[in-house]
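Trainee: I would like to go through the terms used for this model, one by one. Please set each value against its cut-off.

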Amino acid sequence: MSNLSEKMNTLLEVMKKLRDPVSGCPWDQSQSYQSIVPYTIEEAYEVADAIEQKDFEQLKNELGDLLFQVVFYAQIAQEEGRFDFYDIVDGICSKLIVRHPHVFADKKYEHESEIHAAWEQQKHQDRLIKNEQASFLDDIPKSLPSLKRAQKMQKRAAKQGFDWPNIEDVWLKLDEELAELKDEIASSNNLAVNKGAIEDELGDVFFTLVNLSRFLSCDSEWVTAKASKKFESRFRVLEKRIRQDGKDLSSMNIDEMEDYWQAVKRAGL
């Protein structure tokens, strides 16, 4: 434990020196909470990518980069007299202990669903302490990717009983939303003029698909990312095969492209 403390203190000291107003790094000196947010998001995605690739050596490196982001925020906050890294650690430890009475106290739960329900209830009580008018949807970051934010809102509402009884109802809702989207498009003489209404209906379709993902215990953001990755991989192979055949993709018609696409899929790529 002492060795771990020494290493953590070394990291904190490195960060402090990088931010030193006299001898520090000009780039690190100039950063603020807002300016490093994009880097934090990027590092989180790189962690996710390393896990997807099962590259655990890279995962170790990416987790280090992500930890550094936390230390960076803590250093800025310490300079402003708000809190420091150890306050962050104390806060998360206290929160985890309070929200896991079945581990750190004598509370017993029969099913995992009861644990999740109690977790959400405790989080809501924490919100009420800050705001008597708190909603169960409070503190869901608006900066989350839209699919992930939609799924998080749906989960919060579902844990309060605001949910479809079964997946069959979700399928019916999806059919309904698709029909409304088709009707809106069909009734639009000018798609550009009616873009707002079409966007509304298309948004409802996406939102229902997120609900379907949730019912299937899939993360909508993750499955969309996987689909994008699969498309990219196949399209790159398609381009390569077309070049190998001495053809130009931009001069081919859709039927010719589809033949190549299906060949790539049949190859299991």
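Trainee: Why is Ala150 called buried?

Mentor: First, the ground rules. This is a predicted model, in which local features need pLDDT of at least 70, side-chain atom pairs count only at pLDDT 80 or more, and totals for chains, interfaces and linings use all residues. Residues are numbered from 1 along each chain as its sequence is written, and side-chain values use heavy atoms, with hydrogens and water left out. Now the residue. Buried means under 20% relative accessible area, exposed means over 50%, and partly exposed is in between (1.4 Å probe, protein chains only). Ala150 has a relative accessible area of 8%, so Ala150 is buried.

Trainee: Which helix holds Ala150, and what is Ala150 in contact with, leaving aside its neighbours within four places in sequence?

Mentor: Ala150 lies in helix H8, residues 146-158. A helix here is a DSSP run (H or I, at least four residues), numbered from the N terminus. With neighbours within four places in sequence set aside, Ala150 is in contact with Phe207 and Val210. Contact means heavy atoms within 4.5 Å.

Trainee: What makes Arg156 buried or exposed?

Mentor: Its relative accessible area is 5%, so Arg156 counts as buried. Arg156 also lies in helix H8. A polar atom of its side chain lies 2.7 Å from the backbone oxygen of Phe136. A polar contact is a pair of N or O atoms within 3.5 Å; within protein, one must be able to donate a hydrogen and the other to accept it, and residues adjacent in sequence count only if both atoms are side-chain atoms.

Trainee: How many aromatic pairs does a search of the whole structure find?

Mentor: Six. Rings of Phe, Tyr and Trp (its six-membered ring) pair if their centres lie within 6.5 Å; planes under 30 degrees apart count as stacked, over 60 as edge-to-face and the rest as tilted.

Trainee: Why is the pair of Trp27 and Tyr39 called edge-to-face?

Mentor: The ring centres of Trp27 and Tyr39 are 5.6 Å apart and the planes stand at 85°, so the pair is edge-to-face. Trp27 sits in helix H2 (residues 26-30) and Tyr39 in helix H3 (residues 33-53), so the pair ties together parts twelve residues apart in sequence. Trp27 is partly exposed at 39%, and Tyr39 is partly exposed at 37%.

Trainee: What makes Phe85 and Tyr86 an edge-to-face pair?

Mentor: Their ring centres are 5.8 Å apart and their planes are at 80°, so Phe85 and Tyr86 are edge-to-face. Phe85 is buried at 9%, while Tyr86 is partly exposed at 39%.

Trainee: Which residues form one aromatic cluster with Trp27?

Mentor: Tyr39, Phe68 and Phe72 form one aromatic cluster with Trp27.

Trainee: How do you know that the buried residues of H12 line one face?

Mentor: Start with the list: Tyr260, Trp261 and Val264 are the buried residues of H12. Seen down the axis of H12, they fall within an arc of 100°, so they line one face of the helix. The arc is that of the directions from the helix axis to the C-beta atoms. These buried residues pack against helix H11 (220-244). On the other side of H12, Asp255, Asp259 and Arg266 are exposed.

Trainee: How many salt bridges does the structure hold, and what makes Arg19 and Glu79 one of them?

Mentor: The structure holds nine. A salt bridge is a side-chain nitrogen of Lys or Arg within 4 Å of a carboxyl oxygen of Asp or Glu. Arg19 and Glu79 form a salt bridge, with their closest N and O atoms 2.6 Å apart. The pair links distant parts of the chain: Arg19 is in the loop between helix H1 (2-18) and H2, and Glu79 is in helix H4 (residues 56-79), 60 residues apart. Arg19 counts as buried at 11%, whereas Glu79 is partly exposed at 40%.

Trainee: Why are Arg236 and Glu232 about one helical turn apart?

Mentor: They are four residues apart in helix H11, so about one helical turn separates Arg236 and Glu232. An α-helix has 3.6 residues a turn, so residues three or four places apart point the same way. Arg236 and Glu232 form a salt bridge, the closest N and O atoms being 3.0 Å apart. Arg236 is exposed at 52%, and Glu232 is partly exposed at 40%.

How values were computed:
Helix = DSSP H or I, 4+ residues; strand = E, 2+ residues; numbered from the N terminus.
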